[in-house]
Every structure is written in C-alpha cells, then in structure tokens.
Amino acid sequence: MPPRIQIISILICVFLVAYVFELVRRKHLSEEYSMGWLLTGTSMLILSVSEGAIKWVSGLVGATLFTSTLFFFGLLFLMVICLHFSIRISALTKQVRTLTQHIGILDHEKKALEEKVNQPPWQTGTSGLEQI
Amino acid sequence: MKTLSYQTFKSETHKETAAIQKDDLETFSSQEPLTQPPKTLIIIPAYNEGKNIGAVLEGIQKQSPGIPILVIDDGSSDNTEKIVREHNAKVISLPYNSGYGVALQTGFLYAVKNNFSIVIQMDSDGQHDPANIKDLMEEVQKDNCDVVIGSRFLSKDSYKTSLARHAGMFIFGNIASLFCGQKVTDPTSGFQALKGRAIEFIASDNYPPDYPDADFIILMNRCGFKIKEIPVTMHASPDKESMHHGHKTVYYVFKMFLSIFVTLLRKSPKR
C-alpha cells in the first residue's frame, strides 16, 4: 500500500475512534450506538497499520489492490451500520406511533373528565367530584 | 373457619357474579332474543377536513341518530376539531399528522377500550354516503360475517376515478380475490363495518400503519375472519387529492406488493 494513503487512512481511523470516545464521554452518543463505529474504526485501523493483515484479507477476497480492500471493508461496515440504524428507526417509529395514539386517547379522556368535574351539580344531581 | 384475603374474596365474589350473570344470560337468550342493540361506534379519521366534516357529521346524525361518532383529528392545522365539537361528536386529537392508518387504528383502540361491539369506519371527505351505514350494520350483525366492506363497484351508480387509480384497484382487487378465495372488488374502500374480534385485530400490532389495503384483507382472511362486500354509493371528492397521489403512488404500489408478499410468507397471527 502506498505510504501516503496508509498514513491518511491511519489518521482518519485514529480520529474516528478518538472522536467516538469523546462523544460517549460527553454523553452525546450512547454506548449502544458507539459499538458499531468503534468496531468499524478499530478494524479499519488494524487493516491500515498491519501490512500482513491487509495482505491476508486481500488474498481472501481476491483484491489486487490493498486500497480496494480498505474501501470494500469500509463500505461493508457502513452498510451494516445503516441497516442497524434502519432497524432501530423502525422500532422507534412504532414506539412513537403507539405513544401518539395513547396521548390522543388520554387527552380525550382528560377533557371528558374535566367537563364532568366542571359541570354544575344541579345539572347532574351530584357534584362532579362525586361522580368520579 | 376459612379466612379469605380481600383479593381472594374479591376474585371469588367476581367469579360467582360472573357465573350468575352467565347463567342469567343463557337462560335469557334461550327464551327470547336480546333486545339490547349492540354498542356501536362510527370512526372517522380526519386531516384538514374543516370544509367537509360538518356536512358529513350532519348526514350521519340524520341517517343514524343515536350512534356515537368519534372523529380522530390527525394533527389538522385547520378548524376540524372545533367543527366536530360544535356538532357534539367525540374527538381525539393526535399531536401531529401520523397518517390515515394510525388515525384509524387510534379509533379502534378507543373502541376496544370502551367495549364497543360494532365499529363503522368511514372517510371524512364526504365520499361515503351515510345512508349506507344502516346496510353495513345490518350485514355485519349476521352470524357469517366479521367484516363488511362497502364496495363502490358493486353499486349500480358508476364511480368515476382516474385510469391509474382504477388500474391499481383492479390489480390489487384481483390479487386479494386470488388469495382470499372470494371476489374482492374494492380493496381500497375505507367504508367498512367490523365486529368483535375483528375490532381487536385492527387495534393490534398486525395493522399496517400507512395504507391498510389489499394486504390487510388477505391477512384477515388468512386469520379466519369472514369478509363480505356489499354495494354502497360513493361520491367523488373533486376538491381533494387522493392519499395515493404523486410520488406516493410509486411507494404505494411497491409497499402493497411487498406487504402482500410478506403477509403470505408469515405465519398467520392468532385471532
């Protein structure tokens, strides 16, 4: 691998890993979601640093250029992370939908109760609070 | 002497009361038919329908007086909620626009929570004729029916729609007919009557949140619900675009094919 691309690759991976740690430390990123990024950054760092590792992996996937191996695995990791996020977003959408429906129903019931409470006693025979 | 805790006492008393009520009911039902009408609710999802909802509610109140109406205001930015309240109908306001399926399902959740045994669902744009509510109710109360779909294509009146929409209804209607083993002419109809377990089924996780359509009819059929179509009158709503317009048409066609495919692959959920 040409030394320039190797250095750039190492720097990017080091920056990514360090930045993810910093985001977790500042509580801007939860531990759960940091795992995919740390795994991606560390794997790419190992491939960039170790000539033997990248040679072995390139032979395994049949790549002639080491840089192609880096791009290939970079893309693969990103695809996995995107799929993981799509799954999480689907689950969150479902949760938000359920919450929205329950908020709507609870709000309706709250208003109905408020109407009952505020109704004058001579209209119902008993006071609103007694009805509840 | 046997000492009962409050919970045991409560539960045993409840069991006894339930048994007595059951006996009473059986004796009563064997002697004469129940005169008590089934608890019915009309559900109308509405989004920015301030212009039409008033006339729709008046039409229902005139044709089917006494049946409670529940409008689910799907995050409207106009005066839909105010108009519904002025017409003495119940309204559930969702905090933001969540889509037709979510709004409709909210109504079914409310119906389950409040023990309604029959639910009529209809649109808020005046497309559905309130005069047909009676027909849907009569049909759904029969023993061999859980869901009644009001079909515009079984009616003598001709329903005018765009060629693309007509083609879509034809294709998905035929697919639904094929997998249900019965003729389904109008899978997109939102004018339906449901009873009992069918109401609970819609309130469950099985309901598609965006476009409940041919896929859901196939799912209900696979779960053993008896579905029937009856002719209804539908008016075109010229001032409003369909929810399947523009780029949404492409998504709708894709979603429907995918949803039907995975519905057939999945194990049928329990009723």
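**A pair of strands and their sheet**

Mentor: Let's begin with strand β5 (residues 147–151) of chain B, which is joined to β7(B) by five bridges, the two strands running parallel. Two strands count as paired if DSSP finds at least two bridges between them. The strands (E, at least two residues) and helices (H or I, at least four) are themselves DSSP runs, numbered from the N terminus.

Before we go on, some ground rules. This is a predicted model, in which local features need pLDDT of at least 70 and side-chain atom pairs count only at pLDDT 80 or more, while totals for chains, interfaces and linings use all residues. Residues are numbered from 1 along each chain as its sequence is written, chains are lettered from A and ligands numbered from 1 in the order written, and side-chain values use heavy atoms, without hydrogens or water.

Now widen the view. Our two strands belong to an open sheet of seven strands in chain B, ordered β3-β2-β1-β4-β6-β5-β7, with mixed pairing. Its edges are β3 (90–93) and β7 (227–231) of chain B, each pairing on one side only. From one strand to the next, the twist averages 20°. Helix α4 (residues 100–113) of chain B packs on this sheet, touching β1 (40–46), β2 (69–73), β3, β4 (118–121) and β6 (192–195), and its direction makes about 155° with that of β1(B). Helix α8 (residues 214–222) of chain B lies across β5, β6 and β7 of chain B, at about 130° to β7(B). Such angles run from 0 to 180 degrees between N-to-C directions, with axes fitted as lines to C-alpha atoms, for helices over the stretch in contact.

Next, look at the loop between α6 and β6 of chain B, where you will find B:Thr188. B:Thr188 counts as buried, because its relative accessibility is 18%; buried means under 20% relative accessible area, exposed over 50%, and partly exposed in between (1.4 Å probe, protein chains only). Apart from neighbours within four places in sequence, B:Thr188 is in contact with B:Arg152, B:Met169, B:Asp213 and B:Tyr252, where contact means heavy atoms within 4.5 Å. Helix α6 (residues 163–180) of chain B holds B:Arg165, which is partly exposed at 23% relative accessible area. Between B:Arg165 and B:Thr249 there are 84 residues in sequence, yet 9.0 Å in space, C-alpha to C-alpha.

Stepping back, chain B has nine helices and seven strands, and 47% of its 271 residues are buried. Among its contacts between residues at least 6 apart in sequence, 77% join residues at least 24 apart. How high is the average pLDDT of chain B? The average is 83, and 82% of the residues score at least 70; pLDDT is the predictor's confidence in each residue, from 0 to 100. Residues 1–32 of chain B are below 50, and this stretch has six contacts in the model beyond near neighbours in sequence. Where pLDDT is low, the predicted coordinates should not be read in detail.

Finally, turn to chain A, which has six helices and zero strands. Of its 132 residues, 26% count as buried.
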